[in-house]
4 protein chains.
Amino acid sequence: MAPTTRQPAEHPDPPAGKTPLVRGKGRPRSATADQAILDATREALAELGWGGLTMGHVAQRAGVAKTTLYRRWPSKSELVVDAIASLFDQLECADRGSLQADIEAVVARFAELLTLPETQTALLALFAEGSRDPQLRRRIRERIVQPQKVLVEHGRANAQARGEMDPDLDPATADEEIGIIFDTIAGTVEHRLLVSGEPVTADWIRRFTTLLLGPLPGLLR
Amino acid sequence: MAPTTRQPAEHPDPPAGKTPLVRGKGRPRSATADQAILDATREALAELGWGGLTMGHVAQRAGVAKTTLYRRWPSKSELVVDAIASLFDQLECADRGSLQADIEAVVARFAELLTLPETQTALLALFAEGSRDPQLRRRIRERIVQPQKVLVEHGRANAQARGEMDPDLDPATADEEIGIIFDTIAGTVEHRLLVSGEPVTADWIRRFTTLLLGPLPGLLR
Amino acid sequence: MAPTTRQPAEHPDPPAGKTPLVRGKGRPRSATADQAILDATREALAELGWGGLTMGHVAQRAGVAKTTLYRRWPSKSELVVDAIASLFDQLECADRGSLQADIEAVVARFAELLTLPETQTALLALFAEGSRDPQLRRRIRERIVQPQKVLVEHGRANAQARGEMDPDLDPATADEEIGIIFDTIAGTVEHRLLVSGEPVTADWIRRFTTLLLGPLPGLLR
Amino acid sequence: MAPTTRQPAEHPDPPAGKTPLVRGKGRPRSATADQAILDATREALAELGWGGLTMGHVAQRAGVAKTTLYRRWPSKSELVVDAIASLFDQLECADRGSLQADIEAVVARFAELLTLPETQTALLALFAEGSRDPQLRRRIRERIVQPQKVLVEHGRANAQARGEMDPDLDPATADEEIGIIFDTIAGTVEHRLLVSGEPVTADWIRRFTTLLLGPLPGLLR
DNA sequence: ACTTAAGCGAGACGGTACGTCACGTCTTGTT
DNA sequence: AACAAGACGTGACGTACCGTCTCGCTTAAGT
């Protein structure tokens with residue numbers, strides 16, 4: 001984003017923005033190229049890590065010219081956001097019958113994603129880049145963080161539907177609680193896996209979830 | 001001898017290793033240079049961020065030759081570890097009279113560190129680099145993570161001394177619990193500040209701490 | 001492709017190899033850059049000498065990136081060969097009516113070239129480099145030495161045409177004689193100017209040529 | 001020479017200047033170090049060539065500190081002059097009975113020196129350096145060129161003693177002739193061996209000498 | 001014996017140039 | 001107008017030597 005170039009269309013982010021309704025006059029963009037680039041990006045991330053990832057390398061591996069790549073993504077960060085985001089699109093939240101079970105499932109699913117080499121190397125690097133680039137941080141939140149947060153919200157909805165939680169909770173307060181819980185889940189798993197370097201086992205998940213569900217005053221009936 | 005060889009060279013990291021007892025034979029390394037480099041690194045981090053930090057720039061700002069810099073630190077990552085680590089050396093853990101107060105103080109102190117621009121930009125980047133470099137990860141743990149973890153351990157000792165916790169707790173189990181709690185504190189604060197981008201207020205700290213101190217089965221008497 | 005490989009790469013030296021018949025696929029190399037580089041090289045040689053000549057300096061003076069320079073010439077030596085070679089391209093050999101006059105003209109022309117500051121500083125340095133690099137030595141011979149040798153051969157042809165020399169001379173023997181004479185002319189002038197540091201005057205040329213043309217057994221009729 | 005430093009004694013060139021009569025007050029310079037340095041220089045020249053020769057490398061190979069080296073020689077060039085000069089000290093000129101035989105012996109001896117790898121790589125490089133440094137050129141002439149030139153002068157004296165040449169030759173004219181002949185011999189052999197890259201065989205020497213001794217007007221009786 | 005002064009090894013120091021890499025843009029001809 | 005190819009200016013990289021400078025030690029000569 002923040003194109004310093006004189007291009008008209010401020011990088012329309014094609015993978016998200018589908019095909020433009022008004023077909024341009026010239027040759028349309030290749031859809032297969034998009035996919036090849038994203039695949040190549042994930043592969044290269046897994047093999048070489050964030051630091052070893054190169055725009056030129058991705059282009060070469062995708063069988064695409066560098067110009068084609070820059071026509072779609074303005075920088076390595078944005079490209080990787082999209083490449084990683086697709087992994088987080090598949091998150092689901094089946095109702096497993098209890099809040100504890102639901103949260104354990106979410107934690108397990110998130111931990112699973114964080115053991116992929118491409119995710120390990122990319123996620124923290126993106127967060128780091130985002131700490132100085134609000135535009136990028138917004139994009140990361142939209143494409144990567146939000147899909148996870150939705151799971152927690154679904155979990156709460158399910159719990160309320162099951163009668164485990166008070167359905168008449170003040171929405172603002174509930175949002176704050178969800179924020180705390182989400183930061184806690186995501187941050188803790190990331191720190192456990194990527195900083196402390198300890199594995200996330202089923203036992204750990206159970207104990208961590210139990211810690212979470214302790215008092216939660218106002219959330220539990 | 002053989003300066004052209006490609007030995008791992010292990011970079012003994014003199015700034016950390018005190019003064020060697022056996023005085024080296026040649027001209028000793030300049031202690032002022034060490035300090036100037038670390039200071040310049042912190043300043044440059046705050047101004048330019050991790051991505052904008054350049055070895056050449058640091059050298060120039062410190063009034064030092066690039067070779068002098070590389071003689072001490074093998075890479076930007078190791079240099080930044082030491083530069084940031086000094087900020088974490090000053091952590092203390094005064095006994096504030098209750099476990100809740102102690103934990104709140106730790107969280108507040110950590111959040112405070114994470115609002116420094118140099119810490120914000122450097123910490124996640126270091127963690128990201130470390131995800132592919134075990135050597136670096138070990139170093140980060142020793143110099144940055146461990147000093148924080150010690151605080152949590154002190155907090156537990158204080159709580160036991162005050163009688164808030166069972167002093168006869170099985171050490172292995174206690175260590176695991178400490179691990180969980182530490183990952184939770186550190187990870188959550190990082191995620192809150194750097195990923196979610198929300199501020200860490202006194203109110204948030206209180207609520208988060210309360211969440212933490214809920215059941216803690218076996219820890220609380 | 002594969003710019004990271006360490007192939008000999010043979011550096012096709014486009015400036016010498018005319019325009020390739022098969023037009024390359026990408027953006028063609030800038031012809032003006034070639035000329036600017038060679039000009040800058042000659043100027044820098046004259047000002048700073050071989051030892052003071054720097055690839056970075058040449059690039060800057062030519063208004064060109066260092067990479068552009070290295071894309072064409074693999075080393076300072078090869079670059080200087082081409083830069084100096086252009087000076088030797090202009091050599092001619094007008095028929096002055098007698099062998100003595102012709103040789104005097106050749107000697108004078110060569111001495112004239114050797115008084116240019118860029119030639120003085122570059123020629124011996126190239127020869128010195130070539131003494132350990134057969135590849136470079138071959139290149140020097142092709143681009144610098146051979147054009148001079150041709151003059152001597154033309155002189156012989158002229159002499160034969162004028163009847164000063166036996167036209168039925170055994171070619172092999174004649175080649176050897178030419179080799180001797182050429183080494184003598186070139187080596188002596190170089191040594192006189194660059195080692196002994198004495199000037200090459202018209203009188204000196206006359207006496208040296210007379211020495212050369214003494215017996216020439218079998219060559220002169 | 002040409003010391004840019006603030007040392008008092010303008011590099012007294014110890015190997016040539018023997019032990020100073022007035023012994024200094026401090027520790028005297030090590031004579032073995034001098035020899036070790038010169039030997040190391042010659043060896044390194046033969047192995048690595050002029051371009052690969054490094055002051056640090058020589059010091060290391062000689063088992064000597066860099067400071068010791070710089071205390072004696074101000075630069076690589078001066079050091080190599082002395083290292084190479086010792087090879088030219090051994091030149092002799094036995095009277096072989098005729099001018100032709102004497103010259104052939106000189107040519108053969110010089111060609112022999114020029115086939116040593118250290119000489120090949122060093123000689124032209126020194127001449128090249130000297131082309132921009134009159135101080136160095138003078139030194140080269142004194143230590144390397146002059147000893148060779150003396151041979152030619154001895155040859156002339158022998159020839160005069162044998163009656164092959166007019167003993168009453170005008171000294172000034174004779175000096176000029178000697179200059180021409182010397183430049184011719186040295187330059188031609190150098191060019192033959194180092195530029196043309198052709199061997200100097202006994203046959204070539206005979207033909208070249210014959211060419212030289214053609215008319216020599218005024219020299220031969 | 002003791003002082004003095006220089007030589008000596010080791011190696012850190014501020015520099016400069018190196019040759020390479022990736023960047024993001026541009027100019028080709030082709031689709 | 002998108003595309004593959006690849007040249008282009010830019011700037012950082014990490015290394016190699018440069019010649020100088022501190023160190024602590026050694027080696028004599030002159031007290």
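I take contact to mean heavy atoms within 4.5 Å. The model is predicted, so I note that local features need pLDDT of at least 70 and side-chain atom pairs pLDDT 80 or more, while totals for chains, interfaces and linings use all residues. Residues are numbered from 1 along each chain as its sequence is written, chains are lettered from A in the order written, and side-chain values use heavy atoms, without hydrogens and water.

**Entry 1: Thr184(A)**

I located Thr184(A) in helix H9 (residues 171-196) of chain A; helices are DSSP runs of H or I, at least four residues, numbered from the N terminus. Beyond neighbours within four places in sequence, I listed its contacts as Phe208(A), Leu212(A), Thr184(B), Thr188(B), Phe208(B) and Leu211(B). Thr184(A) counts as buried because its relative accessibility is 1%, the limit being under 20% relative accessible area (1.4 Å probe, protein chains only). A polar atom of the Thr184(A) side chain lies 2.6 Å from the backbone oxygen of Ile180(A).

**Entry 2: DNA strand F**

I looked up the residues around DNA strand F and found 46, with Thr68(A), Tyr70(B), Ala65(C), Thr68(C) and Tyr70(D) coming nearest; a residue is near if one of its heavy atoms lies within 4 Å.

I then recorded individual atom pairs. A side-chain N or O atom of Thr68(A) is 2.6 Å from a phosphate oxygen of DNA strand F.

Note on methods. Helices (H or I, at least four residues) and strands (E, at least two) are DSSP runs, numbered from the N terminus. Buried means under 20% relative accessible area, exposed over 50%, partly exposed in between (1.4 Å probe, protein chains only). A polar contact is a pair of N or O atoms within 3.5 Å; within protein, one must be able to donate a hydrogen and the other to accept it, and residues adjacent in sequence count only if both atoms are side-chain atoms.
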